[in-house]
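My notes follow in the order of the look-up.

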Amino acid sequence: MIEVAGKKIEAVVFDFDGTLYENGFFFKFIFLVYNILHFKIFFSHRKIINDLRGNDFGTPENYSRRVFGEMAAKTGKSLESIQNWYYKIFKRTFCVILKKYCRPRKNFNDLCIYLKKNQIRTAIFSDYGFIGSRLEALEIELDCFDLLVSGETEGVLKPSSRPLLKIAKHFGIEPERMLVIGDRADTDGIAAANAGMNYYIIRKRSAGGNIVSWNRLLKILMNDKTDKETA
Ligand SMILES: [Mg+2]
């Protein structure tokens, strides 16, 4: 157990993209460059995913049927070519970019070791699947986490809180003793709040309340009272 802002925390759930690594303007630009040959499919995927946020499809099959079906209708491509793009091209490109251009947040490994030492259960909750491949590309050890959960395999995207509640149940930990760490208030923050969990949103600079820089978050989690730095 650790104490965070006066609350007892027994499990930490990390978002993936923008949380385990920084995905600023450069990352988004590179992502676009790598997808330029398939930009129509790429943009239809992004738009449809955003439009479907909050809808609960119940199963991964229902979810992918709806997403790929809408992408096929929007782009005029066959369902087969859309699935091929997602499971082969998109997935591979995503991992190549992570490996080539991204690094885990500073001292992430130390944080994992610290959480383990304090018997904190850890999970990832990410909208996208293939979390194991993405962790490998970022060179983050798989055993940093007790559980990997994706919106895709749950059949619902953030800000649904259903997967977070499932993680809490799996760990046997009350939601108020869970802490969610993400980079988007409108998805990670709302999902956590609706689940009755504590959360922090990572930004370049701390801005009070739940908005903290990565450095500040490390200090809060690792109980370092030596520095009152808020940047
Ligand atoms: Mg994110």
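**Backbone notes**

I began with Asn107, which I found in the loop between helix 4 (79–101) and helix 5 (108–117). Its phi is positive, about 60°, although Asn107 is not a glycine. I then asked how many C-beta neighbours Asn107 has inside 10 Å. The count is 14, so Asn107 goes down as partly exposed.

The model is predicted, and I checked its confidence next. The protein chain has an average pLDDT of 93, and 97% of the residues score at least 70. I marked residues 227–231, where pLDDT stays under 50. For residues 227–231 the model has seven contacts beyond four places in sequence.

I went on to Gln119, which sits in the loop between helix 5 and strand 4 (121–126). Gln119 is not a glycine, yet I noted a positive phi of about 55°.

I found that the bond joining Lys158 and Pro159 is cis, with omega at about 10°. Where is Pro159 found? I placed Pro159 in the loop between helix 7 (151–154) and helix 8 (162–171).

For the record, I list the backbone entries again:

- Asn107: positive phi of about 60°.
- Gln119: positive phi of about 55°.
- Lys158 and Pro159: cis peptide bond.

Key: Residues are numbered from 1 along each chain as its sequence is written. This is a predicted model: local features need pLDDT of at least 70, side-chain atom pairs count only at pLDDT 80 or more; totals for chains, interfaces and linings use all residues. pLDDT is the predictor's confidence in each residue, from 0 to 100. Two residues are in contact if their C-beta atoms, placed from the backbone, lie within 7 Å. Helices (H or I, at least four residues) and strands (E, at least two) are DSSP runs, numbered from the N terminus. A residue is buried if 20 or more other C-beta atoms lie within 10 Å of its own, exposed if 12 or fewer, and partly exposed in between; C-beta atoms are placed from the backbone.
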